[in-house]
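The following note sets out several points for a colleague who is looking at the model.

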Amino acid sequence: MSANFICENRNILLSTNKIDFLVDCGRISPHYFTINMNVFFESRNFNSCLNRKLCIDAEGNIKNCPAMQQSFGNIKDTTLKEVIEKPGFKDLWFIHKEQIDVCKDCEFRHICTDCRCFIKDPENIYSQPAKCTYNPYICKWQGDEGYVPIEECGTYIKGTGFVPNKTIIKELNKQLWNEENE
């Protein structure tokens, strides 16, 4: 069961359905794309999944997302106002697609939801979402003919994140699309 409530211009989604966040959260697919002006403009400065989000899990732990490990308190002894004012709680709200490895190069970045819970490099908060199956450097989804994983288009460097290899990308696009990129 789920219900949507509006309280003082705030949406509250209550769900009593059992959700397997390890499976259901963080998947990147065109099926989840949201195309409207509000999402587009919000995504330019804020996180497209976590901005203004606060979740309470089944045990009462208050988090940015139910799939995340970090809790900022428990509803039994912490008010929502206290959680929102805690250092670090809103940090993820301000990570946007122009800062995220690979996403910043993707044509779908402003209509796609961004997961900060499941990322390729947990040591780098700006790491690409782990469950993304799109390669923007060759415009192919996993399963498309000619698809190659992101890792074959560059290198992950600890500390600096993903660095695209323009020579490899140019050659791949030439093979896939018969293109000469400059």
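**Notes on the predicted model**

1. F108 has a relative accessible area of 24% and is therefore classed as partly exposed, the class between the cut-offs of 20% and 50%. The model is a predicted one. F108 is placed in the loop between α3 (80-85) and β5 (134-135).

2. The ring of F108 pairs with that of Y134 in an edge-to-face arrangement, with 5.1 Å from centre to centre and 65° between the planes. Y134 belongs to strand β5, and the pair joins distant parts of the chain, its two members being 26 residues apart. In contrast to the partly exposed F108, Y134 is buried, at a relative accessible area of 4%.

3. How many aromatic pairs does a search of the whole structure find? The search returns eleven. Ring pairs also connect F108 and Y134 with F33 and W141, and these four residues make up a cluster.

4. Confidence should be kept in view when the model is read. Mean pLDDT for the chain is 87, and 89% of the residues reach 70 or more. Residues 1-7 are a stretch where pLDDT stays under 50. For that stretch the model has 18 contacts beyond four places in sequence, and I would ask that these contacts be presented together with the pLDDT of residues 1-7, which is under 50.

5. The chain comprises four helices and eight strands. Read from the N terminus, the order of elements is β-β-α-α-β-β-α-β-β-β-β-α. Of its 182 residues, 35% count as buried. Among contacts in the chain with a separation of 6 or more, 47% are between residues 24 or more positions apart.

6. V102 has a positive phi of about 70° and is located in the loop between α3 and β5. For R52, phi is near 60°, again a positive value, and R52 lies in the loop between α2 (37-43) and β3 (55-56).

7. Are V102 and R52 buried or exposed? V102 has a relative accessibility of 3%, which is under 20%, so V102 counts as buried. R52 reaches 62%, which is over 50%, so R52 counts as exposed.

8. The volume of the largest cavity is about 110 Å³. Its lining consists of 15 residues, and those nearest the centre are I28, C103, C106, C112 and C132. By class, the lining of the largest cavity contains eleven nonpolar, two polar and two charged residues.

9. Which residues line the second largest pocket? They are N64, M68, Q69, Q70, F72, G88, D91, L92, R116 and C117. The lining of this pocket divides into four nonpolar, four polar and two charged residues.

Terms used: Residues are numbered from 1 along each chain as its sequence is written. This is a predicted model: local features need pLDDT of at least 70, side-chain atom pairs count only at pLDDT 80 or more; totals for chains, interfaces and linings use all residues. Side-chain values use heavy atoms; hydrogens and water are left out. pLDDT is the predictor's confidence in each residue, from 0 to 100. Contact means heavy atoms within 4.5 Å. On a 1 Å grid over the protein atoms alone, a cavity is a set of points where a 1.4 Å probe fits but cannot get out, and a pocket is an open set with protein on both sides within 12 Å along at least five of seven lines; lining residues have an atom within 4 Å of a point. Ala, Val, Leu, Ile, Met, Phe, Trp, Tyr, Cys and Pro count as nonpolar, Asp, Glu, Lys and Arg as charged, and the others, Gly among them, as polar. Grid points are joined across faces, edges and corners, and a volume is the space filled by probe spheres set on the points. Rings of Phe, Tyr and Trp (its six-membered ring) pair if their centres lie within 6.5 Å; planes under 30 degrees apart count as stacked, over 60 as edge-to-face and the rest as tilted. Buried means under 20% relative accessible area, exposed over 50%, partly exposed in between (1.4 Å probe, protein chains only).
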